[in-house]
Amino acid sequence: VQVINGGAGDGGVTGTTADDTALLKRLLGNLLAHDSSSVEDSTMDNYVMFRYGGDTAATATAGTNTASLFLVQFQPFALHLWRDGEDDGPPLVSVNAENLMHFE
């Protein structure tokens, strides 16, 4: 499991690359329905993302052991799940604190 946090408060998690932070911003842009370039660092402090499963997005293209991206939103609490390499659209599954669930 790889932890990705692009928040400004702690400078990001050790091992988080610029590509990881860009991926997190892209997911938040999709989730919040606006351009990822307008996602503020203060907004990113409200999220942490975990990548687990396959090695990289390249394995997803090859069709083997596809990784997943699991995004935790703290306020209001919600969970979102994407497949790595399919992060340009809405999440596959979203669950929030009001026990509402959405599947794509």
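Analyst: Start with Arg51 and Asp84: both are buried in this predicted model. Their side chains meet in a salt bridge, 3.2 Å from N to O. Arg51 sits in strand S2 and Asp84 in the loop between strand S4 (78-83) and strand S5 (93-96), so to speak 33 residues apart.

User: What is the general idea behind such pairs?

Analyst: Side chains of opposite charge can pair when their charged atoms come close. Here, the count comes to three salt bridges.

User: Which residue meets Asp20 in a salt bridge?

Analyst: That's Arg51, at 3.4 Å, N to O. This pair links distant parts of the chain, with Asp20 in helix H1 and Arg51 in strand S2, 31 residues apart.

User: Is Asp20 buried or exposed?

Analyst: Asp20 has a relative accessible area of 6%, and buried means under 20%, so Asp20 counts as buried. Arg51 is at 14%, so the label is buried there too.

User: What about Arg83, which residue does it bridge to?

Analyst: Arg83 pairs with Glu86, with the closest N and O atoms 3.7 Å apart. Arg83 is partly exposed at 39% relative accessible area, and Glu86 is partly exposed at 41%.

User: Which residues do shared partners join into one network?

Analyst: Asp20, Arg51 and Asp84.

User: And which element gives the most to the largest nonpolar core?

Analyst: The core has twelve residues, including Leu24, Leu28, Tyr47, Leu71 and Trp82. Helix H1 (18-31), strand S2 (47-52) and strand S3 (68-73) each supply at least two, and H1 gives the most, with four.

Definitions and conventions: Residues are numbered from 1 along each chain as its sequence is written. This is a predicted model: local features need pLDDT of at least 70, side-chain atom pairs count only at pLDDT 80 or more; totals for chains, interfaces and linings use all residues. Side-chain values use heavy atoms; hydrogens and water are left out. A nonpolar core is a set of buried Ala, Val, Leu, Ile, Met, Phe, Trp, Tyr and Cys residues joined through side-chain atoms within 4.5 Å. Buried means under 20% relative accessible area, exposed over 50%, partly exposed in between (1.4 Å probe, protein chains only). A salt bridge is a side-chain nitrogen of Lys or Arg within 4 Å of a carboxyl oxygen of Asp or Glu.
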